[in-house]
Amino acid sequence: MDAVDGRGIYYSYDADYGDEPVLKNIRVLIRKGEFTAVLGANGSGKTTLARHFNALNDLQRGQLIVDGMNVADASCHWELRRHVGMVFQNPDNQFVSSFVEEDLAFGLKNYETPEREIPQRIKKALAAVSMDGYERYSPHELSGGQKQRIALAAVLVLEPDVILFDEATSMLDPGGRLEVMGQMKKLHREGNTVVMITHDIEEAVEAEKVILMSRGNILACGTPHRVLTDRTLLEQAELLPPFAVQMYYDLKERGVCLAQCPLKREELVEELCQLN
Ligand SMILES: Nc1ncnc2c1ncn2[C@@H]1O[C@H](COP(=O)(O)OP(=O)(O)O)[C@@H](O)[C@H]1O
Ligand SMILES: [Mg+2]
């Protein structure tokens with residue numbers, strides 16, 4: 001089964017005023033267990049699209065099936081939001097309580113989890129993000145990376161099938177970014193469907209599949225290698241290629257040909273070491 005199957009999606013914030021839609025005839029397919037990056041410049045429509053996946057935005061036109069549920073059917077929205085969890089950009093805006101354990105319990109109580117199961121579920125979710133023993137901490141005592149891990153634990157405690165990260169690393173320092181990226185990779189390895197929404201092309205390199213958005217359209221969908229080494233496509237999307245890809249082309253122009261176009265810095269180093 002597919003995690004996300006959308007067709008013909010249009011969306012306009014001001015439909016009544018005849019504004020140009022911010023999503024235009026979107027066709028999107030995400031398979032279960034995939035680690036997908038939705039990449040695009042600011043304002044390209046990534047968040048608007050992602051908010052359709054758990055019915056935070058109304059489906060105005062088109063069809064969308066997420067985790068087997070028809071998003072057009074409002075009676076499944078509550079259940080849908082349990083199956084599709086979302087971690088947002090600003091870690092400080094995601095807490096509802098003054099203690100970590102209360103924050104995690106909040107979602108469980110909303111979904112009427114039996115009281116006796118709650119401590120165990122919280123323990124498991126904290127362990128999943130390597131934050132064991134943080135039950136009695138206040139979110140405000142934590143670093144940015146730790147806050148995002150707690151925000152993720154608050155999603156995981158509901159045992160979702162699809163986890164969306166909407167620019168979840170963009171407000172963090174480099175250490176925090178690595179922590180959160182590490183969590184995404186771990187969730188993927190464990191078989192979860194992970195969707196990373198980002199404007200940072202160096203992050204998109206880490207995914208298994210890239211959906212490239214520009215001005216409310218999907219320009220391309222494919223492996224990072226196919227999408228992120230295509231300079232024409234990236235120019236259309238108003239993005240610069242990853243550093244390693246840019247180096248590959250710069251070297252080529254100066255007559256130095258690497259055997260393969262690298263995507264990551266480590267791959268670039270490897271290719272450079274194999275020269276001569
Ligand atoms: N709540 C809103 N009301 C009106 N316009 C919005 C709202 N949110 C986003 N937009 C507009 O929709 C477009 C797409 O925005 P968004 O989905 O946030 O893009 P991205 O996440 O790729 O930065 C932008 O032009 C943005 O200004
Ligand atoms: Mg956004």
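The protein is divided into domain 1 (2-241) and domain 2 (242-276). The model is predicted. The centres of the two domains, taken over C-alpha atoms, are separated by 32 Å. Domain 1 gives 12 residues to the contact, and domain 2 gives nine residues. Between them, domain 1 and domain 2 bury about 970 Å². Of that area, 59% lies on carbon and sulfur atoms.

**Helix pairs**

Two packed helices are described by the angle between their axes and the distance between the axes.

| Pair | Residues | Angle | Axis distance |
|---|---|---|---|
| Helix 3 and helix 4 | 100-110 and 118-128 | about 115° | 10 Å |
| Helix 5 and helix 6 | 144-156 and 174-189 | about 25° | 8 Å |
| Helix 10 and helix 11 | 243-253 and 265-273 | roughly 30° | within 8 Å |

**Helix 3 and helix 4**

Helix 3 and helix 4 pack at an angle of about 115°. The crossing of helix 3 past helix 4 is right-handed. On the helix 3 side, the contact is made by V100, E101, L104, A105, L108 and K109. They meet I118, R121, I122, A125 and L126 in helix 4. By class, this contact has eight nonpolar residues, no polar residues and three charged residues.

**Helix 5 and helix 6**

Helix 5 and helix 6 pack with their axes 8 Å apart, at an angle of about 25°. That angle makes helix 5 roughly parallel to helix 6. Helix 5 brings G145, Q146, Q148, R149, L152 and L156 to the contact. Helix 6 brings G176, E179, V180, Q183 and L187. The residues of this contact divide into four nonpolar, five polar and two charged.

**Helix 10 and helix 11**

The axes of helix 10 and helix 11 cross at roughly 30°. The two helices are therefore roughly parallel to each other. Their crossing is left-handed. Which residues of helix 10 meet helix 11? They are F243, A244, M247 and L251, and their partners in helix 11 are R265, L268 and L272. The contact of helix 10 with helix 11 has six nonpolar residues, no polar residues and one charged residue.

**In brief**

Helix 5 is roughly parallel to helix 6, and helix 10 is roughly parallel to helix 11. Helix 3 and helix 4 pack at about 115°. The contact of helix 5 with helix 6 includes five polar residues, whereas the contact of helix 3 with helix 4 has no polar residues.

Notes:
Residues are numbered from 1 along each chain as its sequence is written. Chains are lettered from A and ligands numbered from 1 in the order in which they are written. This is a predicted model: local features need pLDDT of at least 70, side-chain atom pairs count only at pLDDT 80 or more; totals for chains, interfaces and linings use all residues. Side-chain values use heavy atoms; hydrogens and water are left out. Axes are lines fitted to C-alpha atoms, for helices over the stretch in contact, and angles run from 0 to 180 degrees between N-to-C directions. Helices (H or I, at least four residues) and strands (E, at least two) are DSSP runs, numbered from the N terminus. Angles under 35 degrees count as roughly parallel, over 145 as roughly antiparallel, 65 to 115 as roughly perpendicular and the rest as oblique. A crossing is left-handed if the near helix is turned anticlockwise from the far one by less than a right angle, and right-handed if clockwise. Contact means heavy atoms within 4.5 Å. Ala, Val, Leu, Ile, Met, Phe, Trp, Tyr, Cys and Pro count as nonpolar, Asp, Glu, Lys and Arg as charged, and the others, Gly among them, as polar. Domain bounds come from an automatic or database domain assignment. Buried area is the accessible area (1.4 Å probe) that two parts lose on being put together, summed over both.
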